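Please keep the model open beside the text while you read.

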Amino acid sequence: MKSRKNKFWAAAVAAAVTLFGFLCALFSGCAKGADYLSFVSEIRSDILTYADDDLSFALNVLEREQPYNADGICGQTCALWELSAQFANNPQSVEIRVGEFSGEMNYEAVKNAYVLSFTAPPPSSDNVEVELTRGDNVKKFSALSVRDGSEISWQEALNCVRDFDGELFSSLTDGGNFKGEIYVRLLFDEGCYYYVGVCDRQKNISAYLVDGGTGKIITTKKIKG
């Protein structure tokens with residue numbers, strides 16, 4: 001009888017050790033997974049806009065790698081504001097002041113817009129005061145965020161894409177390393193959306209359009225490098 005008890009306990013202990021080892025391996029593997037948020041090389045987290053009969057203005061709140069290079073490798077990022085102004089009648093020159101930042105905007109014929117970008121942290125509120133100067137004409141207005149608080153975050157948009165195309169992320173993941181870079185850009189067209197792009201080392205891009213309210217993947221596209 002004693003021999004049977006010893007065999008029983010030996011088998012139970014062996015089974016427990018095996019289960020413990022399996023669980024350790026399982027959670028160890030999970031712990032070694034890539035932190036995909038650290039491989040995002042461009043984030044457009046907000047857009048602040050203003051429009052009237054004469055002017056269409058947008059301020060994009062960004063964090064982007066510098067220098068910017070779509071090569072599948074995530075570089076060091078910095079916070080940026082990108083400003084864009086379109087007029088019914090283009091002036092000779094445009095100067096802008098946003099808070100403590102100011103400068104002359106440059107005309108880009110392709111966009112038919114005056115643009116300027118500079119390094120700046122995200123605004124502290126969902127509206128910013130803007131002053132545009134065109135010759136003797138000084139225009140002051142408030143640019144307001146397109147977000148109303150009901151949208152998912154850019155992190156959640158990325159997670160929705162990961163859930164949708166886990167095979168792609170798995171193919172580019174090597175332990176804690178991700179062999180690519182990720183772009184997440186807020187878009188606005190009578191509602192909020194997200195563009196999520198995954199660029200591999202061959203510069204192939206897998207692009208996804210995500211509904212900003214539900215997280216549903218609306219459409220996808222593959223772009224060869």
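Does E190 count as buried or exposed? At 79% relative accessibility, E190 counts as exposed; here buried means under 20% relative accessible area, exposed over 50%, and partly exposed in between, with a 1.4 Å probe and protein chains only.

Before the points, a word on the ground rules. This is a predicted model, where local features need pLDDT of at least 70 and side-chain atom pairs count only at pLDDT 80 or more, while totals for chains, interfaces and linings use all residues. Residues are numbered from 1 along each chain as its sequence is written, and side-chain values use heavy atoms, with hydrogens and water left out.

1. Backbone angles in two loops. Most residues other than glycine have a negative phi, and most peptide bonds are trans. E190 is a non-glycine residue with a positive phi, near 55°, and its place is in the loop between β11 (180-188) and β12 (192-200). Helices (H or I, at least four residues) and strands (E, at least two) are DSSP runs, numbered from the N terminus. K203 is not a glycine either, yet its phi is positive at about 70°. You will find K203 in the loop between β12 and β13, partly exposed with a relative accessible area of 44%.

2. The loop between β2 and β3. P67 lies in this loop, and the peptide bond that joins Q66 to P67 is cis, with omega near -5°. A70 is found in the loop between β2 and β3 as well and counts as partly exposed at 30% relative accessibility.

3. Side chains of opposite charge can pair when their charged atoms come close. A salt bridge here is a side-chain nitrogen of Lys or Arg within 4 Å of a carboxyl oxygen of Asp or Glu, and by this rule the count comes to eight. In one of them R64 meets E42, with the closest N and O atoms 3.2 Å apart. Since R64 lies in strand β2 and E42 in strand β1, the pair ties together parts that are 22 residues apart in sequence. Both R64 and E42 are buried. R64 also forms a salt bridge with E82, where the closest N and O atoms are 2.9 Å apart. This pair links R64 in strand β2 to E82 in strand β3, 18 residues away. E82 is partly exposed, with a relative accessible area of 23%. Salt bridges link E42, R64, E82 and R185 in a network.

4. R64 and a ring. R64 also lies over the face of Y68, at 5.3 Å from the ring centre. For a charge to sit over a ring, NZ of Lys or CZ of Arg must be within 6 Å of the ring centre and within 35 degrees of the ring normal.

5. Aromatic pairs. A search of the whole structure finds 13 aromatic pairs. Rings of Phe, Tyr and Trp (its six-membered ring) pair if their centres lie within 6.5 Å; planes under 30 degrees apart count as stacked, over 60 as edge-to-face and the rest as tilted. Y50 and F141 make a stacked pair, 4.4 Å centre to centre with 20° between the planes. Y50 belongs to strand β1 (residues 40-51) and F141 to strand β8 (residues 137-145), 91 residues apart. Y50 is partly exposed, with a relative accessible area of 23%, whereas F141 is buried, at 5%. Ring pairs also link Y36, F39, F169 and F178 into a cluster.

6. The largest pocket. A pocket is an open set of points on a 1 Å grid over the protein atoms alone, where a 1.4 Å probe fits, with protein on both sides within 12 Å along at least five of seven lines; lining residues have an atom within 4 Å of a point. The lining of the largest pocket has 15 residues, and E82, L83, S84, K111 and V115 lie nearest its centre. At least two lining residues come from each of β2 (55-65), β3 (77-87), β5 (101-108) and β6 (113-119).
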